[in-house]
Amino acid sequence: MEDLKELQQSLPEAESHSTPDIIMQHPYQYRPLASLTSIRVLSLLPCRASLQDKQLHCKLEEVSLESNPVFQALSYTWGENLFPCTLHCGSHTIKITQNLRDALLHFQQPDEELRIWIDAICINQSDTEEKSHQIPLMEEIYRKASNVLIWLGTESEGSKEVMRYLTHIGSKFLERGGPVLEPKVEQHCEEHGATNKVLWEEVYGDSEMMKKTDVIWTRPWFSRRWIIQEIAFARTATVYCGTEKVEWNVLAMAGEVLARLEGDGSQYLNRRTGMGRGAVSRGLQNITKVARIRRDIWASEREATAIQIHACLEDARGFDCRDDKDRVFALLGIFNHRRKTPFTIEYKRSEAEVFEEFARYCIRESNSVDVLSWAGISNHLLCGESLKIPSWVPNWRLPFRGPTDMLRGFAAGGKFEATLEFDESNSTLVTRGKLIDRVIAVMPCVGEIEQEELAKGEPKWTVVNPSYVGLWYQFLEMRLFETLAFVGMDRHPYRGGGGSVWAALARTLIMDDKEVTFDYKRQMDNMLPEHVPDNEPQPELPDEIITSPGMVMIDYELMTYFSRVVVRSQERRFYVTRKGYMGLGPKELEINDQICVFAGSRVPHALRPQNEDFRAFNEPPRIEYEWCGDVDVGGIDVPYVKRTRKETFQLVGECYTQGLMSGEIWKVDTAVLEDFILV
């Protein structure tokens with residue numbers, strides 16, 4: 001929760017309005033709330049003055065949520081950590097932000113009080129104990145509010161027109177009903193007598209306005225983490241931007257419609273509108289995520305089930321907050337909704353303590369290792385200053401880098417349940433899985449090659465100017481040849497699932513274990529020059545594929561493939577294992593790291609043994625073990641071995657390993673089940 005600290009001054013409880021010219025204004029000290037279900041509700045007093053002459057006067061009242069009080073709730077952003085404006089409460093004042101003043105002036109009524117709950121005022125922000133008790137009530141507060149008032153801010157250039165445009169297209173699709181289909185899909189709707197094409201004509205009708213919608217989506221409200229649960233639990237909500245307003249469900253539909261344009265033909269250019277494809281603004285992505293979480297919450301109400309924590313965490317990564325602890329606390333209502341064991345918060349704890357305790361909570365509640373996708377030393381290094389937390393604990397400050405920065409849709413761990421235990425100190429996680437193989441070669445990420453080439457003055461990569469990406473492919477092929485140490489790779493079957501090594505490589509680079517039509521070897525032979533030793537001059541690209549300096553003509557299939565490779569390999573390292581498996585791993589992956597699959601995990605993970613002489617069971621010399629036999633895993637007898645020497649590992653990060661993403665390893669007898677102690 002954002003903290004006003006000493007800058008926030010307190011408000012009186014239920015005092016009458018008084019004229020500031022007669023009574024000197026003083027800051028007020030909050031009185032403790034009477035019970036754990038008590039909250040404060042602000043009554044904004046009416047004013048008939050013009051906007052320029054208005055002053056804000058209010059009173060505070062303590063009420064119990066159990067009495068079902070009548071009030072509305074505000075959803076807004078605090079803005080900069082500055083409090084230049086004044087709110088009057090009888091003989092007392094509170095300093096508030098400019099954005100909150102703008103909102104209160106807008107909602108202030110001429111003839112009647114406005115009863116409203118506002119987090120910055122109704123919670124004593126300087127009292128960490130009160131915050132720890134009040135924040136868990138926010139689910140009930142927003143659920144019981146008669147309406148949630150969403151304040152995007154004052155009017156700016158173009159905002160009025162864009163709000164009207166979004167209202168128009170959102171209303172049209174809501175009237176039609178049903179799912180939002182891609183523009184190219186033709187489907188007649190008998191009920192409303194309109195085809196999908198006709199509906200999209202409404203969207204395309206003003207291409208210039210489409211380009212201007214970021215005047216709304218880039219508003220700070222769409223990236224504030226607290227708004228997720230505020231909207232998720234709201235019975236109804238109305239969005240205000242200056243004098244324009246629209247119902248939440250209409251704006252959310254408009255957001256879904258515009259985001260759906262991603263699937264409209266080419267990723268790069270829509271010929272009809274002249275708009276580029278492939279980049280959806282963060283705010284536009286976020287409104288669709290909030291809408292999805294809201295639907296999931298209300299579906300959980302109907303089905304009397306709890307929402308999946310991991311799905312919510314994944315959707316919330318594109319939202320920010322001022323206090324790092326609020327990366328967890330801001331979603332508390334969603335995590336605890338319909339759970340028998342709620343997660344409790346204490347603002348007195350450090351970020352490291354909160355993150356570690358929440359990781360244990362996620363693992364215990366879900367009985368899953370999926371939370372490890374956010375963890376690992378590679379992800380920790382992306383978060384700036386180290387919190388000195390165990391490698392298996394996610395640093396929830398992990399920035400959102402793009403929709404493909406985490407692996408989704410796989411089932412490498414099969415349908416088995418995870419086996420999870422914590423040691424007495426709760427700082428070590430023990431889980432079971434299969435050790436696949438040792439990494440013997442790694443390639444730099446595309447992003448690492450990019451940085452080196454840009455430093456030399458080379459142009460940045462585009463789909464029509466591959467530049468350093470071609471160089472990366474050359475390095476990759478050379479490393480693959482050297483590692484596998486044989487000639488005629490295209491005739492050699494790939495270890496993980498058969499087929500040619502080239503076909504496996506094509507799938508690996510886009511992290512797609514399904515069949516692809518792209519012929520890697522044929523396309524790359526046409527595209528790239530042959531490899532020559534480093535001490536010889538590099539050959540020029542063939543003249544027939546060059547149309548102008550720095551521009552290469554490539555067909556649409558190759559252009560699409562290149563783009564997918566660059567996105568997925570930007571911060572991932574290509575690797576090859578001792579047995580010949582290939583994959584894409586975390587940026588910090590190193591030679592001698594071990595690839596393993598935990599039971600029940602979506603994806604393989606890279607581990608770093610803490611003992612330098614660590615060996616797998618199938619590596620000589622023979623490993624000593626305490627016990628060997630079969631254990632039941634999901635109704636299947638799996639060979640299990642317990643080592644004599646205690647081996648510990650650091651989690652490096654999640655991996656894509658071609659041929660092992662759908663549970664294939666559980667059908668291979670040579671890989672035994674063992675315990676992995678993560679520190």
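**Reading contacts, sheets and burial**

Modeller: Trp248, Leu251, Ala252, Gly255, Glu256, Leu258 and Ala259 of helix H10 are in contact with Leu284, Ile287, Thr288, Val290, Ala291, Arg294 and Arg295 of helix H11. Contact means heavy atoms within 4.5 Å. Helices (H or I, at least four residues) and strands (E, at least two) are DSSP runs, numbered from the N terminus. By class, the contact of H10 with H11 has nine nonpolar, two polar and three charged residues. Ala, Val, Leu, Ile, Met, Phe, Trp, Tyr, Cys and Pro count as nonpolar, Asp, Glu, Lys and Arg as charged, and the others, Gly among them, as polar.

Colleague: What kind of model is this, and what do the values include?

Modeller: The model is predicted: local features need pLDDT of at least 70 and side-chain atom pairs count only at pLDDT 80 or more, while totals for chains, interfaces and linings use all residues. Residues are numbered from 1 along each chain as its sequence is written, and side-chain values use heavy atoms, with hydrogens and water left out.

Colleague: At what angle do H10 and H11 pack?

Modeller: Start from the axes, which are lines fitted to C-alpha atoms, for helices over the stretch in contact; angles run from 0 to 180 degrees between N-to-C directions. H10 (residues 248–260) and H11 (residues 282–303) pack at about 125°, and their axes are 9 Å apart. The pair is therefore oblique, given that angles under 35 degrees count as roughly parallel, over 145 as roughly antiparallel, 65 to 115 as roughly perpendicular and the rest as oblique. H10 passes H11 in a left-handed crossing; that is, the near helix is turned anticlockwise from the far one by less than a right angle, whereas clockwise would be right-handed.

Colleague: How are H5 and H10 oriented to each other, roughly perpendicular or roughly parallel?

Modeller: Helix H5 (residues 159–176) packs on H10 at an angle of about 90°, with the axes 7 Å apart. H5 and H10 are therefore roughly perpendicular. H5 contributes Tyr165, Leu166, Thr167, Ile169, Gly170, Ser171, Phe173 and Leu174, and H10 contributes Asn249, Val250, Leu251, Met253, Ala254, Val257 and Leu258. The residues of the contact of H5 with H10 divide into 11 nonpolar, four polar and no charged.

Colleague: What is the strand order of the open sheet of seven strands?

Modeller: Strands of a sheet pair through backbone hydrogen bonds, either parallel or antiparallel. Here two strands pair if DSSP finds at least two bridges between them. The open sheet has the order S3-S2-S7-S4-S8-S11-S12, with mixed pairing. S3 and strand S12 (244–247) stand at the edges with a single partner strand each, so one side of each is left without a neighbour in the sheet. Neighbouring strands of this sheet are turned by 30° against each other on average, direction ignored.

Colleague: How many bridges join S8 to S11?

Modeller: Five bridges join strand S8 (residues 148–153) to strand S11 (residues 237–241), and the two run parallel. Gly153 stands opposite Cys241 in S11. Helix H1 (residues 98–107) packs on the sheet, touching S2, strand S4 (72–75), strand S7 (114–117), S8 and S11, and the direction of H1 makes about 125° with that of S8. H10 lies across S8, S11 and S12, at about 85° to S12.

Colleague: Is Leu56 buried or exposed?

Modeller: Buried means under 20% relative accessible area, exposed over 50%, partly exposed in between (1.4 Å probe, protein chains only). Leu56 has 2% relative accessibility and therefore counts as buried. Leu56 lies in the loop between strand S2 (38–44) and strand S3 (58–64). Not counting residues up to four places away in sequence, the residues touched by Leu56 include Leu44, Ile96, Leu104 and Leu105. Leu56 and Leu105 are 49 residues apart in sequence and 7.3 Å apart in space, C-alpha to C-alpha.

Colleague: How many residues of H12 are buried?

Modeller: Seven of the eight residues in helix H12 (residues 309–316) are buried, among them Ile309, Leu313 and Asp315. The cover includes helix H9 (227–232), H11, helix H14 (332–336) and helix H15 (351–366). Over the protein chain, buried residues make up 56% of the 679 residues.
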